[in-house]
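Open the model in your viewer, keep the sequence panel beside it, and follow the stops below in order, selecting the residues named at each one before reading on.

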Amino acid sequence: IFAFISSIERLSKPSEKAMSKLSVIKAKAGADIKDVISVDKSDPLYSLFQAAQAFAAGGEDRAWELTSQKLPLLQKDWSKFNADYVSWAIDQMRKQKMFSQALEFAMTVLLYEKDLSPEVAAKICLAKGDIYRDMSNFQAAKIEYDGLRNNPRYNSTAAGSKGIWRLLDLLITTKDYMTATSLLERLADSDNIETQAEAYYYFAKMAYQEQQYKEAKEYIKKVKDRIVSHV
């Protein structure tokens, strides 16, 4: 695909509209070819493709260094990049407290939610919930986390699973202990040992927040009974 579109560029001189669509396909194809950057070094997007490569190779510090210099371009041409890199960039913007920009970016990408894989779309929804949480808009954050938990497309993804614990953390933070307890009781009855351990950890956290230190210690013991190395 990459070679075919490159030959079309050289030999056919397609219209600007057609080339715009082809460049997106070429960029996505190039993202899956190791050490290939689909644009010339003179292209303004070149450093962003370098950033995407650095991210794929595990070099997040270098990836953010390059990305942070070209955020407006990434927001404009995000569809040319690997969606996993895009979701990571949104969360990095949140971590840098660029809340308004990150939220706008997440909403823009989620307009094309059906074109994203469930895992990537769930990551962006999770980041969106985290942005609202960090902005202290707890009601909006709860809606996002609840959406991850209740949407069958997302609740089986890794990000969807994180959404449950983010929701519980939010419920405890906002002292909605009744809702938190109801959810935790169901999770503690899970067949999955890791889920049980995590549920008891949040029971402990809730008890500690209510200054019920003896109960908190007992819940921690239940965590350790299930997973000795639980962090």
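Begin by selecting Phe-49, Phe-55, Trp-64, Phe-81, Tyr-85 and Trp-88, which together form one aromatic cluster. Bear in mind throughout that what you are looking at is a predicted model.

**Where two helices cross**

Next, colour helix H4, residues 60-67, and helix H6, residues 83-95, whose axes lie 11 Å apart and which pack at an angle of about 80°. Because angles from 65 to 115 degrees count as roughly perpendicular, H4 is described as roughly perpendicular to H6. To see the contact itself, show the side chains of Glu-60, Ala-63, Trp-64 and Thr-67 on the H4 side, and on the H6 side those of Tyr-85, Trp-88, Ala-89, Gln-92 and Met-93. Sorted by class, the residues in this contact of H4 with H6 are 6 nonpolar, 2 polar and 1 charged.

Stay with H4 and select Thr-67, which lies in that helix. Is Thr-67 buried or exposed? With a relative accessible area of 0%, Thr-67 is buried. If you leave aside its neighbours within four places in sequence, Thr-67 is in contact with Leu-48, Ala-51, Leu-74, Tyr-85, Trp-88 and Ala-89.

**A tryptophan in a loop**

Move on to Trp-78, which you will find in the loop between helix H5, residues 71-77, and H6. Trp-78 has a relative accessible area of 13%, and since buried means under 20%, Trp-78 counts as buried. Apart from its neighbours within four places in sequence, Trp-78 is in contact with Val-86, Phe-105, Thr-108, Val-109 and Tyr-112. For a sense of scale, draw a line from the C-alpha of Trp-78 to the C-alpha of Tyr-145: these two residues are 67 residues apart in sequence and 24 Å apart in space.

**A largely enclosed helix**

Now select helix H8, residues 118-134, which has 17 residues and reaches 24 Å from its first C-alpha to its last, close to the 24 Å expected at 1.5 Å a residue. Of the 17 residues of H8, 12 are buried, so the helix is largely enclosed by the rest of the structure. Among the buried residues of H8 are Val-120, Ile-124, Cys-125, Leu-126 and Ile-131, and also Lys-128 and Asp-130. Which helices do the buried residues of H8 pack against? Show H6, helix H7 (99-110), helix H9 (138-150) and helix H10 (158-173), and you have the helices that the buried residues of H8 pack against.

Just after H8, however, Ser-136 takes a positive phi of about 65°. Lys-97, in the loop between H6 and H7, has a positive phi of about 65° although it is not a glycine. With a relative accessible area of 65%, Lys-97 is exposed. Finally, go to Gln-211 in the loop between helix H12, residues 193-209, and helix H13, residues 213-226. Gln-211 is not a glycine, yet its phi is positive, at about 65°, and at 58% relative accessibility Gln-211 counts as exposed.

Methods: Residues are numbered from 1 along each chain as its sequence is written. This is a predicted model: local features need pLDDT of at least 70, side-chain atom pairs count only at pLDDT 80 or more; totals for chains, interfaces and linings use all residues. Side-chain values use heavy atoms; hydrogens and water are left out. Axes are lines fitted to C-alpha atoms, for helices over the stretch in contact, and angles run from 0 to 180 degrees between N-to-C directions. Helices (H or I, at least four residues) and strands (E, at least two) are DSSP runs, numbered from the N terminus. Angles under 35 degrees count as roughly parallel, over 145 as roughly antiparallel, 65 to 115 as roughly perpendicular and the rest as oblique. Contact means heavy atoms within 4.5 Å. Ala, Val, Leu, Ile, Met, Phe, Trp, Tyr, Cys and Pro count as nonpolar, Asp, Glu, Lys and Arg as charged, and the others, Gly among them, as polar. The expected span of a helix is 1.5 Å times one less than its number of residues. Buried means under 20% relative accessible area, exposed over 50%, partly exposed in between (1.4 Å probe, protein chains only). Rings of Phe, Tyr and Trp (its six-membered ring) pair if their centres lie within 6.5 Å; planes under 30 degrees apart count as stacked, over 60 as edge-to-face and the rest as tilted.
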